[in-house]
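Biologist: I would like to learn how to read a model like this one, feature by feature. Could you take me through it, with the general idea before each case?

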Amino acid sequence: MNLAQISRNYEIYRYNIPEGCKVMAVVKANAYGHGDVQVATTLQKLGVYDFTVSNIDEACALRKSGIQGQILILGYTPPNYADMLLKYDITQALVLEEYADALINTGLPIKCQYAIDTGMRV
């Protein structure tokens with residue numbers, strides 16, 4: 001893993017996007033084999049405070065390692081793990097209305113975002 005190259009790549013993106021735009025780094029699947037905690041820590045030092053993972057285990061590992069800001073889970077988190085979402089201040093993506101209802105029924109004030117399928121796949 002080359003954290004210096006990851007830093008350079010980020011700086012190139014940062015230079016080419018408008019001022020005020022936020023970057024959300026995808027670090028799921030162990031940052032595609034590069035080390036999720038190491039990559040997230042490096043990017044956080046450069047000003048990235050939004051991260052995306054695939055599951056609750058990845059999200060909790062980042063939070064336990066000191067990663068701050070928003071951590072968004074793209075995959076499914078069973079409603080019986082809603083307490084973990086709350087405890088670690090993790091945001092859950094919602095794909096189905098029924099899933100949103102199940103999380104609401106936990107009675108916990110967890111953060112969620114709707115993931116909207118724009119029809120890009122056939």
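Modeller: Let us begin with the surface. Accessible areas come from the Shrake-Rupley method with a 1.4 Å probe, and for residues only the protein chains shown count as cover. Here the accessible surface of the protein is about 7,700 Å², and carbon and sulfur atoms own 56% of that area. Keep in mind that this is a predicted model, where local features need pLDDT of at least 70, side-chain atom pairs count only at pLDDT 80 or more, and totals for chains, interfaces and linings use all residues. Residues are numbered from 1 along each chain as its sequence is written, and side-chain values use heavy atoms, with hydrogens and water left out.

Biologist: What share of the 122 residues is buried?

Modeller: A residue is buried when its relative accessible area is under 20%, exposed when over 50%, and partly exposed in between (1.4 Å probe, protein chains only). In this protein 34% of the 122 residues are buried. As for overall dimensions, a box of roughly 45 × 35 × 25 Å along the principal axes holds the C-alpha atoms.

Biologist: In what order do the elements run from the N terminus?

Modeller: Helices (H or I, at least four residues) and strands (E, at least two) are DSSP runs, numbered from the N terminus. The protein has 6 helices and 5 strands, and their order is α-β-α-α-β-α-β-α-β-α-β.

Biologist: Which residues of helix H3 are buried, and what covers them?

Modeller: Helix H3 spans residues 36–45, and its buried residues are Asp36, Val39, Ala40, Thr42, Leu43 and Gln44. Their cover includes helix H1 (3–15), strand E1 (24–26), helix H2 (28–33), E2 and helix H4 (56–64). Gln38, also in helix H3, is partly exposed at 38% relative accessibility. Its C-alpha lies 9.6 Å from that of Leu62, 24 residues away in sequence. Just after H3 comes Gly47, with a positive phi of about 110 degrees.

Biologist: How should I read contacts, and what does Thr52 touch?

Modeller: A contact means heavy atoms within 4.5 Å. For the protein, take contacts between residues at least 6 apart in sequence: 40% of them join residues at least 24 apart. Thr52 sits in strand E2 (residues 50–53) and is buried, at 3% relative accessibility. Setting aside neighbours within four places in sequence, Thr52 is in contact with Met24, Ala25, Val26, Val27, Lys28, Leu72 and Leu74.

Biologist: How many aromatic pairs are there?

Modeller: Rings of Phe, Tyr and Trp (its six-membered ring) pair if their centres lie within 6.5 Å; planes under 30 degrees apart count as stacked, over 60 as edge-to-face and the rest as tilted. The count is 1 aromatic pair. Tyr76 and Tyr99 form it, tilted, with 4.8 Å from centre to centre and 40 degrees between the planes. The pair links distant parts of the chain, 23 residues apart: Tyr76 is in the loop between strand E3 (70–73) and helix H5 (82–87), whereas Tyr99 is in helix H6 (residues 97–104).

Biologist: Are those two tyrosines buried or exposed?

Modeller: Tyr76 is exposed at 55% relative accessibility, while Tyr99 is buried at 9%.

Biologist: How many disulfides does a search of the whole structure find?

Modeller: A disulfide is a pair of cysteine sulfur atoms within 2.5 Å. The search finds 0 disulfides. For Cys112, the nearest cysteine sulfur is that of Cys60, 15 Å away. Cys112 is partly exposed, with a relative accessible area of 32%; Cys21 is partly exposed too, at 34%.

Biologist: And the charges: how many side chains are positive and how many negative?

Modeller: Lys and Arg count as positive and Asp and Glu as negative, leaving out His and the chain ends. Each charge is placed at NZ of Lys, CZ of Arg, CG of Asp or CD of Glu. The protein has 10 positive and 12 negative side chains, with the centres of the two sets 9 Å apart.
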